[in-house]
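Here are my notes for your first look at this protein. Keep the viewer open and follow the points in order.

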Amino acid sequence: MATSAADLATIIEQQEQVFVRRQPESARLADLAARSLAGGVVSSWQISRPQPVWLSHGAGSKLYDVDGNCYVDLHGGYGVSLAGHAHPAVVTAIRAQAERGTHFAQPTETALMVAAELQRRFGLPLWRFANSGTEATMDAVHLMRAITGRDLIIKVEGCYHGHHDSVQVSVCPDDDADDRGPAGAPASVPASTGIPQAITDLTLVVGFNDLAAVRRRLDENEHRVAGMILEPIMMNAGIILPDPGYLAGLKELLHSRGALLAFDEVKTGLTAGPCGATGMTGVTPDIVCLAKAIGGGVAVAAIGGTEDVMSHVANGDYEMVGTFNGNPLAMAACRAMLTEVATPDAYERLEKLRRRAVEGLEQEIERHDLNAQVVSVGAKGCVVFSAGPVRNFRDFLRVRDAYSHAHWLFQHNGGVFLPPWGKIEQWLMSVQHDEADIDRFVANFGTFAAAVGSRRH
Ligand SMILES: Cc1ncc(COP(=O)(O)O)c(C=O)c1O
């Protein structure tokens with residue numbers, strides 16, 4: 001028997017009331033903010049229901065809101081906070097660099113150390129830096145076009161690569177009004193207003209794990225496709241793992257048609273493992289995009305490429321520029337992150353915590369007879385509220401978001417901060433989390449499961 005939508009709505013309403021009662025100061029600041037910040041927040045993804053949470057500070061694995069509530073941070077700043085908060089190595093590095101100047105727009109030696117470590121981890125020889133995931137994937141798309149002299153790119157339905165025009169296509173076409181087209185040949189759906197149709201039409205869309213669809217797109221557009229960009233592990237639709245052989249198949253297929261392969265490892269980067277999805281799967285693409293966690297909480301991105309790809313940057317054919325690229329403060333934080341935080345010991349600890357979380361959650365799912373599964377990789381994971389496995393965006397559409405929202409509220413009211421975007425997002429543990437943090441997370445999940453479970457949904 002299913003938990004009715006009405007029951008779930010009542011549970012959500014009760015939890016939202018608790019949420020709002022605990023956060024009067026956040027409500028006050030949200031009201032005030034409406035007068036100076038568009039939409040009352042600094043990025044639209046900070047608008048969450050029932051109200052945005054205003055934070056005071058972070059320390060270790062914890063976050064503190066302006067009402068004095070303490071949370072175990074599993075939000076992770078949307079995939080950034082692998083170091084946790086105020087990690088001593090990151091603080092020391094930033095402080096030392098701040099005392100020596102924070103910006104020159106000239107290279108500093110730290111960039112060499114960062115590049116060397118990225119070479120080692122991701123198996124690509126040449127690197128450049130930028131400031132956000134959006135910039136990194138924008139450069140990747142430009143590069144694929146510059147190198148091949150072709151305009152079309154292929155993108156996966158349900159992947160988010162930032163907010164530049166070419167990839168703001170079929171990001172999460174979940175609205176009833178969206179004309180998604182058939183699963184085997186998805187339509188290109190603009191993800192936002194302000195994206196010209198002419199640019200949307202240059203982005204061809206395929207389903208994740210569908211190699212045949214990529215072949216069809218290449219056949220239909222012979223010598224016109226510059227390359228394909230994808231998250232090698234999808235992390236903007238819960239977590240969806242690549243089928244065995246899928247990524248290697250893509251590389252071979254694209255190369256056979258003179259097209260390139262770019263991995264967007266902005267989210268997976270250091271969080272899926274020390275060498276990202278690239279290291280995990282053993283498939284090295286032509287271009288890797290990194291951002292988020294590599295900066296230990298400072299805005300930075302990196303673009304790595306093969307000798308062939310980066311020769312187009314080196315010889316000035318493609319002008320890869322940016323005032324803040326390789327900024328010394330960002331490089332200092334990156335160096336600390338790569339050499340002192342994301343260490344083999346840290347990954348060993350994270351793996352133990354991952355296992356503890358997965359086992360605990362799975363026990364609660366079993367105990368309360370929920371249609372849900374835990375998907376995790378490295379420091380990241382999520383509970384997917386569906387009866388069967390999710391292999392692509394069309395499967396993901398069937399996951400009921402109300403369960404994810406209810407879960408988020410139970411966690412929040414119980415002192416664990418997950419990312420607020422329901423079924424889309426996942427948890428991120430940091431190197432500063434401990435067993436007690438994970439146990440609180442699992443206990444809250446148990447309370448949630450007892451409220452919505454014991455019945456099939
Ligand atoms: C996979 C992926 N790529 C790119 C981006 C864009 O990164 P940024 O927000 O730093 O521009 C994001 C952001 O969430 C992301 O998840």
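1. How far apart do the C-alpha centres of domain 1 and domain 2 lie? They lie 26 Å apart. Bear in mind that this is a predicted model. The domain assignment gives domain 1 as 5–82 + 344–452 and domain 2 as 88–341.

2. Now look at where the domains touch. Domain 1 puts 27 residues into the contact, and domain 2 puts in 26 residues. On the side of domain 1, α13 (344–367), β11 (373–377), β12 (380–384) and α14 (393–397) supply at least two residues each. That side has 17 nonpolar, six polar and four charged residues.

3. Next, find the open sheet. Its seven strands run in the order β4-β10-β9-β8-β7-β5-β6, and the pairing is mixed. β4 (126–130) and β6 (203–206) are the edge strands, so each pairs on one side only. From one strand to the next, the twist averages 20°.

4. Zoom in on one pair. β5 (residues 152–156) and β7 (residues 225–230) pair in the parallel sense, over four bridges. Here Ile-153 stands opposite Gly-227 in β7.

5. A helix packs on this sheet: α11 (residues 307–314). Helix α11 touches β4, β9 (287–290) and β10 (301–305). Its direction makes about 55° with that of β4.

Definitions and conventions: Residues are numbered from 1 along each chain as its sequence is written. This is a predicted model: local features need pLDDT of at least 70, side-chain atom pairs count only at pLDDT 80 or more; totals for chains, interfaces and linings use all residues. Domain bounds come from an automatic or database domain assignment. Two residues are in contact if their C-beta atoms, placed from the backbone, lie within 7 Å. Ala, Val, Leu, Ile, Met, Phe, Trp, Tyr, Cys and Pro count as nonpolar, Asp, Glu, Lys and Arg as charged, and the others, Gly among them, as polar. Two strands pair if DSSP finds at least two bridges between them. Axes are lines fitted to C-alpha atoms, for helices over the stretch in contact, and angles run from 0 to 180 degrees between N-to-C directions.
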